[in-house]
Amino acid sequence: MNIWKISIENIKSKPLYTVLSVFMLALSIALLLGIQQLKTSFEYQMENNLGDIDLVIGAKGSPLQLILSSVLHLDNPTGNIPYKSIDKFRKNPLVKKAVPISYGDNYKGFKIVGTTPEFTTFYGAELKEGRLVQKSMEVVLGHSVAEQLQLKIGDTFLSSHGLVDNDVHVHDEELIVVGVFKPTQKVIDRLIVTNLESVWDVHDHDEHDTHEDDEQQVEDQDEHHKAHESEDEQDHDHEAHENEDGHNHDHEAHGDEDGHDHDHEGHKDEDEHGHHHEDHGDEKEITSLLITFRNPSALLTLPRRINEDTNMQAALPKYELNRLYEYTGVGFKTISWIAYIILIISGMTIFISLYKMIKERAFDLALLRTYGASTIQLIKMVTYEGLIIVCFAFVIGFLFANVGLHVLFNYLESGHQQIMLQSLPFNQILQIIGLVFVMIVLSISLAIYPIMKMNISTILSNEK
């Protein structure tokens, strides 16, 4: 007697129960595998991109926003800080490494980051081809950037202002590709790296153009003002000749002329003040400063000192990302509990399906016993049915989880978000398999109870 064949025929005989059982179990397995893989990828993304960055210094604002924008490059910056302010941090004996970064432009949605050569040490990035940046307007591409945009060494492109791809504000200066990094599975794969001078030169040029437009506008206003002043002088001279009290009116006209001269001088002062303000605006700025400490004890003193005594803020990446993980962990736990509930429901569905099969086919099972089948063989038949359902469900659930996550991550990549899909550790897969196996064993154990208590003579005698 081929028990496997009998089990398969039994499954075919009740397609509705079989499809429902497989679907429910596959859904719960897909959710459990998917949420665990998503959780693993999220943790990897958080920890792997930190490198040895102990502290981030930037403009006042949200500490989490500062970390997301400067470390993970997933948010907008909180503002800028003066470049000259970083000298005291570089000279601090507690600081091992202080790396400035400056950004505000993009190309096709990929962020352009101006920094120093030490920036690549945070991610262990190495050149795949080409060389590092040596002068202004040269860039090195992250692996994903070069791959998705099909850029190669020697290609040039124009950057856009802002962190979102747009055709409204495109800079005139061309950036040239001089190198490409090897893949690191870190955030630098999706960055365009240049030096600080490139970022400053691009924006200084824009500010210079804007300043020239402002000066032209001021000159036009001065000419209009002088023309208006000449008309007033002619009117006052005409009134002085016609009025009998010419001396008084000459004096009033002279007073008006002085007033105009005073206004004009005031306007010159305003121009000079405006020019002085522009000179102050030429002071170099950066977006943030990434710091590595020589001694962990610096974490206890330096951040508090910066937050209290300066107009900048210091944020701890590990602390802020742990807080973020606590918030997102609630969502992970919620989806996990939903998956567990669906798993329990699918186990109940399998139990009902097997139990119903045993009760409805009690006569056939009793007849098999009379032909020599043992109780163990009948139990095996029921068990094989359960195992076939579980195997189909696990394969379908595994496919659902992988296809769904790849679709999700491909969508995020099209939006230039840096989230790397990580493979689920084998021990976690074994845990899920073990959980499903325990649930199936429990369902089968309850379903075979009628077989254990089967009274063959009673069943055969009561069959009409």
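Student: Why does Phe351 count as partly exposed?

Tutor: Phe351 has 24% relative accessibility. Buried means under 20% relative accessible area, exposed means over 50%, and partly exposed lies in between (1.4 Å probe, protein chains only). Therefore Phe351 counts as partly exposed. This is a predicted model: local features need pLDDT of at least 70, side-chain atom pairs count only at pLDDT 80 or more, and totals for chains, interfaces and linings use all residues. Residues are numbered from 1 along each chain as its sequence is written, and side-chain values use heavy atoms, without hydrogens and water.

Student: How do you know that Phe119 is buried?

Tutor: Its relative accessible area is 0%. That is under 20%, so Phe119 is buried.

Student: How many aromatic pairs does the structure hold?

Tutor: There are 7.

Student: What makes the pair of Phe119 and Tyr123 edge-to-face?

Tutor: Their centres are 5.3 Å apart, with 65° between the planes. Rings of Phe, Tyr and Trp (its six-membered ring) pair if their centres lie within 6.5 Å; planes under 30 degrees apart count as stacked, over 60 as edge-to-face and the rest as tilted. So Phe119 and Tyr123 form an edge-to-face pair.

Student: What makes Lys97 sit over the ring of Phe122?

Tutor: The charged end of Lys97 is 4.5 Å from the ring centre. The rule asks for NZ of Lys or CZ of Arg within 6 Å of the ring centre and within 35 degrees of the ring normal. Lys97 is listed as sitting over Phe122.
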